[in-house]
Amino acid sequence: MPTKTVLTYGTFDMFHIGHLKLLERLHKLGDKLIVAVSTDDFNDLKGKKTIIPYDQRAAIVKAIQYVDMVIPEERWEQKVEDIKKYNVDIFAMGHDWEGKFDSLQELCEVVYLPRTSGISTTDIKQQLNKISEINIQDLNRAFEILKRLKSDFE
């Protein structure tokens, strides 16, 4: 019985339940799941800043029971090469990429899966930024109070 190979790509920064659920759903599409994790250099090229370095992101993804293989994503053009190299039957991405990879349908089936609602790396990063802004404001207020106290004692 022939195996069905599924291929996906992602940054997988700040791994969360949405990533896990996506990988689980991708795994159910076939017999083998290959995940290409974007390298730090490629993310820089895309203007994307990651918090977790590539080696750690790749190790986290590789440790997931649904994932059979992790490869580096180093450039946009490698998708066609990877589909051919790994005999991919299904290329799958989150629905936010819908339509962007339809040209790959010449090589394999292309599937866009819905993201897990209520969670995204972007949302997490925005929340962290809000916390950082609040902390900076609190520190600035504390600094102003200390400056006033110091001037009172001079």
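A salt bridge here is a side-chain nitrogen of Lys or Arg within 4 Å of a carboxyl oxygen of Asp or Glu. By that rule, Arg57 pairs with Asp40, with the closest N and O atoms 2.7 Å apart. Since Arg57 sits in helix α3 (residues 54–62) and Asp40 in helix α2, the pair ties together parts that are 17 residues apart in sequence.

Some ground rules before going on. This is a predicted model, where local features need pLDDT of at least 70 and side-chain atom pairs count only at pLDDT 80 or more, while totals for chains, interfaces and linings use all residues. Residues are numbered from 1 along each chain as its sequence is written, and side-chain values use heavy atoms, with hydrogens and water left out.

Now the layout. The protein has 5 helices and 5 strands, taken as DSSP runs numbered from the N terminus (helices: H or I, at least four residues; strands: E, at least two). Along the sequence, they come in the order β-α-β-α-α-β-α-β-β-α. Of the 154 residues, 36% are buried; that means under 20% relative accessible area, with exposed being over 50% and partly exposed in between (1.4 Å probe, protein chains only).

Back to the salt bridges, of which the structure holds 5.

Asp13, in the loop between β1 (5–10) and α1 (17–28), is buried at 2%. A polar atom of the Asp13 side chain lies 2.9 Å from the backbone nitrogen of Ile52. Thr39, in the loop between β2 (32–38) and α2 (40–45), is buried as well, at 12%. Its side chain puts a polar atom 3.1 Å from the backbone nitrogen of Phe42.

Finally, look at His95 in the loop between β4 and β5 (109–113). His95 is partly exposed at 38%, and its C-alpha atom is 4.7 Å from that of Tyr112, 17 residues apart along the chain.

Definitions and conventions
A polar contact is a pair of N or O atoms within 3.5 Å; within protein, one must be able to donate a hydrogen and the other to accept it, and residues adjacent in sequence count only if both atoms are side-chain atoms.
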